[in-house]
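Work through each one, then compare your steps with the solution.

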Amino acid sequence: MSTDLKEKTSNPDSSNKDFATLEYQGKKLEMPVITGSENEKAIDISKLRADAGLITLDNGYVNTGSCQSDITFINGEKGILRYRGIDIEELAERSSFVEVAYLLIYGNLPSKAELDKFSTGLTNHSLLHEDMIHFFAGYPSTAHPMAILSSMTSSLAAYYHGGDGNQSEESLELDLIRLLSKLRTIACFSYKKSIGQPLIYPNNKLSYCANIMNMMFAVPTEEYYIDDEIVKVMNQLLILHADHEQNCSTSTVRMVQSSGASIYACISAGISALWGPLHGGANQAVLEMLQQIHESGQNYKEFLTQVKDKKSKIRLMGFGHRVYKNFDPRAKILRKACDRILDKLGISDPLLEIAKGLEEEALKDPYFVERKLYPNVDFYSGIIYSALGIPVNMFTVMFALGRLPGWLAHWKEQYNFDKKKICRPRQVYTGENARPYVPVRDR
Ligand code: CMC
């Protein structure tokens, strides 16, 4: 079997001029080559099974495009990340999380009037139905806040419509606003529940990120002061996490949407996918790793020796990325933000020193260089969250709040796609061939 890409010039008027030819068992098959706006190419294999009786097999979807999308562009080799065409560095420096959420969901930066309307919507929908407050009492105080976040998000479907296909556009827009606003409230309430403090309701006078800090750290008995620099770094953290095209959780959201499930069920599924330590759970795993190195008094060079020993099964958490094979632009921004916020708060964190030492050693070690392993977004985010007083088990929840606009943008794109099909991959069966059922007495 051989494949090659070739330009077909015989049909210059056709919108699709590129074809890839696949030769299998003496038969030649032509498959259209789709070109993205940044000139990345994909072979459309959707007719392959019908034409040649073949499917493609791609463990971990390493080389599979599941959709065409207008939302986020990544070039892993050059370390580029753009939301709707705008560079992540520029957004992290100049924008706010709410503005970026709008950009991702609606495709363009909002006008002043659009932004005001959007922000007002978020302010007006921050409360939970009071009946839902009782749900928090049902969880043990030891519950992981991700478990609470995903189940409470799913519970929202009991209160709101959520995109069952019969909704007006306005009502659907309201579901997006509700999710953006209420998940923040759920996240903060789950933290208050875990430490046994009274719930602090959202405050309409505060900005989106200031409200997060207030709901998490204020107590009814005293004033709580929120520093502008902290609000800025919180905005940056959420912006940097806001979208990352077809990652595990986003693909999950799109996949669940393809079945027609409620938007609340889709987002809840995305939260569950994010929870794993190889995805959003990595920020928690990084801090635990740094703490463990610190407490054991282990030299970080010894730790790297363990990482390189495949038998140890230890990974350098916060390193490596499926897409970035040069550097993760988000990690570069966060490394600077980390220095800035620790300096501002007057914190000298030994974990930051360990992280910097690990990074320095790893970046010159052939094991990491050859495999193109660089710090990812999670390498420094945990140190910043810690400096802000956010406990380790809330790190992945913060990631979820950041990723939410991305999930919503992809949900909307999938929902509105006119040629949408239910996502249903194939498989190569490797189990037993047909055999008879044997009754238990004869086994
Ligand atoms: N430490 C040590 N070795 C590593 C690491 C690491 N962090 N990451 C990859 N490798 C090695 C891996 O053992 C393999 O080596 P070999 O070729 O000898 O078998 C090679 O590098 C390729 O790794 P892979 O697992 O095939 O790569 P992948 O693209 O499937 O995995 C990853 C990407 C992010 C899951 C992986 O790099 C990893 O586990 N990193 C640590 C967890 C982490 O920080 N995750 C956060 C990702 S960023 C946030 C997000 O988008 O969710």
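**Exercise 1.** Find out whether Arg84 is buried or exposed, or in between.

*Solution.* Arg84 has a relative accessible area of 22%. Buried means under 20%, exposed over 50%, and partly exposed in between, with a 1.4 Å probe and protein chains only. Arg84 is therefore partly exposed. This is a predicted model, where local features need pLDDT of at least 70, side-chain atom pairs count only at pLDDT 80 or more, and totals for chains, interfaces and linings use all residues. Residues are numbered from 1 along each chain as its sequence is written, and side-chain values use heavy atoms, with hydrogens and water left out.

**Exercise 2.** Identify side chains that make polar contacts (pairs of N or O atoms within 3.5 Å) with the ligand.

*Solution.* Take the ligand's oxygen atoms: one lies 2.8 Å from a polar side-chain atom of Arg322, and an oxygen atom is 3.0 Å from a polar side-chain atom of Arg371. Then turn to nitrogen: a ligand nitrogen atom is 2.8 Å from an N or O atom in the side chain of Tyr367.

Methods. A polar contact is a pair of N or O atoms within 3.5 Å; within protein, one must be able to donate a hydrogen and the other to accept it, and residues adjacent in sequence count only if both atoms are side-chain atoms.
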